[in-house]
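User: Could you take me through this structure? I have not looked at it before.

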Amino acid sequence: MQKIDNIIEQVKQGIQRQEMFIARENPETEDGRKNIEFYRCKIAELEYRIKELEEKKKETSSILVPKWDMMFYDPTLWMPVNTYLVKGKVPFQLMLSANYPNYKSNNTKSISIELPFDILLKEENEEYLRYMLELIKIYSGDNVNLVLGNGVSTRGMLSFIADKELSVYSAKELGYYDFFDRLCDNNVRNIIYVGDSMKKGIKSETVDKVQSEIIDFHKKLTANEVMSEEELEKSNEKIKQRILSISKHL
């Protein structure tokens, strides 16, 4: 226990160093803004590492007691959920935005599963991926409509985002743009797939604007850290096609 506490303290010091680097940058220049985004990504990674270490301190069980959290760990995107850590060969976090009476599916609620990114990448893990996609289908009554990687981390997210999450404004166009703007505000996101159910009723101009100003920009930030843009795009397309192929038969 003491060893874990020491590691957590070291990680917190790492966060402080990244914050110091941010303070040295000039946000008025393009290079400064890019560097700030990079350091923020590092901070998000370190914060997630702390979450993982804190989980290790808890008693192990199949499903832990739920805790109140944010679906995307960021208060700028206000999506409170009950989070369950499911342990096993492939541990994952299940995030439910509301209770589901009698376990009946409800597409007015949102649900996410955070999982090891390897599950999305490796074909031999298809059984686990199918199970998680089925789980989301059971609760939402619909297929996954948002798939992303948390920046350069080893974690991925499968989500069904309900229409109400895009309705913070009277105009749904603004809600669609605002959702992705807040999703990517403080964290670098590798957004792999946005389903048609999220785009329903949204003008193509708005969809294209989100793609170019937010999604493509964050892919570049991710690629600069882990691989070339071409390699990242190829990897993302492979994941997308796997998910669509499995979802088609659910």
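Analyst: We can start with a strand pair: β5 (residues 146–149) pairs with β6 in the antiparallel sense over 4 bridges. Strands pair if DSSP finds at least two bridges between them, and strands (E, at least two residues) and helices (H or I, at least four) are DSSP runs numbered from the N terminus. This is a predicted model, where local features need pLDDT of at least 70 and side-chain atom pairs count only at pLDDT 80 or more, while totals for chains, interfaces and linings use all residues. Residues are numbered from 1 along each chain as its sequence is written, and side-chain values use heavy atoms, leaving out hydrogens and water.

User: Which residue stands opposite Leu158 in β6?

Analyst: Val147 does.

User: And how many bridges join β4 and β6?

Analyst: There are 6, again in the antiparallel sense. Pro116 stands opposite Arg155 of β6.

User: New topic: which residues touch the most other members of the largest nonpolar core?

Analyst: Among them are Phe92, Val147 and Leu158, in a core of 28 residues. Such a core is a set of buried Ala, Val, Leu, Ile, Met, Phe, Trp, Tyr and Cys residues joined through side-chain atoms within 4.5 Å.

User: Which element gives the largest share?

Analyst: α4, with 6 residues.

Key
Buried means under 20% relative accessible area, exposed over 50%, partly exposed in between (1.4 Å probe, protein chains only).
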